[in-house]
Amino acid sequence: MFIIAGLGNPTLQYEGTRHNVGFNVIDVLADKYNISVDGRKNRAYVGNGTICGRRVLLAKPQTYMNLSGESIRGLLDYFKAQPEDELLVIYDDVSLDAGQIRVRKKGSAGGHNGIKNIISNLGTEVFPRIKVGVGEKPKDYDMADYVLGHFSKAEKELMEESYKRAVCAVETILEEGVEPAMNLYNRKVKPKEEA
């Protein structure tokens, strides 16, 4: 079982915030592959399905962002899955421009509390991830306020494109592996010219 976990915060209050882009990518994947993510397991909404010929579990941890690792650890244990080759985590990144994505095989938390908690619970930094850029925090903003804030109309359009690119990256990872996905998707995407 290949576990694809999108990070975010539960409840309507956080819907559409920068911190919830992981949930949004899972929603786009679920729609495309007709997978219902309405089951419950290990404090996550989950859905089983097949993507690119592989059995997958789509997961949206409901532990709140900063405790994401507790839910993911439970899912890995239940399915006897290995983090380095049977887990993919999708989450927001403030160091990438809105609309950019970055695929990584491993790495530190880079200040992201959800990833920090996953690393702490798994005891390893070695697990594939897709970072979805949400843009840099403006100077005078508090980080928590920024990531829990909503996108502007222009940003929303950029984000819709990045969710589709993230879905393509997931497909490449499932079919060919993380390295080919890194080669394809770690290039900077030029914003569309203003008409």
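Is the crossing of H2 and H4 left-handed or right-handed?

1. The crossing of H2 and H4 is right-handed; the near helix is turned clockwise from the far one by less than a right angle. This is a predicted model, in which local features need pLDDT of at least 70 and side-chain atom pairs count only at pLDDT 80 or more, while totals for chains, interfaces and linings use all residues. Residues are numbered from 1 along each chain as its sequence is written, and side-chain values use heavy atoms, with hydrogens and water left out.

2. H2 (residues 68–79) packs on H4 (residues 113–122) at about 40 degrees, the axes lying 7 Å apart. Helices here are DSSP runs of H or I, at least four residues, and strands are runs of E, at least two. Axes are lines fitted to C-alpha atoms over the stretch in contact, and angles run from 0 to 180 degrees between N-to-C directions.

3. From H2, Ser68, Gly69, Glu70, Ile72, Arg73 and Leu76 meet Gly114, Asn117, Ile118, Asn121 and Leu122 of H4 (contact: heavy atoms within 4.5 Å). These residues divide into 4 nonpolar, 5 polar and 2 charged, with Gly counted as polar.

4. Glycine 8 sits in the loop between strand E1 (2–6) and helix H1 (21–33). Its relative accessibility is 2%, so glycine 8 counts as buried (under 20% relative accessible area, 1.4 Å probe, protein chains only). Leaving aside residues up to four places away in sequence, glycine 8 touches His19, Asn20, Phe23, Pro61, Tyr64 and Met65.

Conventions
Buried means under 20% relative accessible area, exposed over 50%, partly exposed in between (1.4 Å probe, protein chains only).
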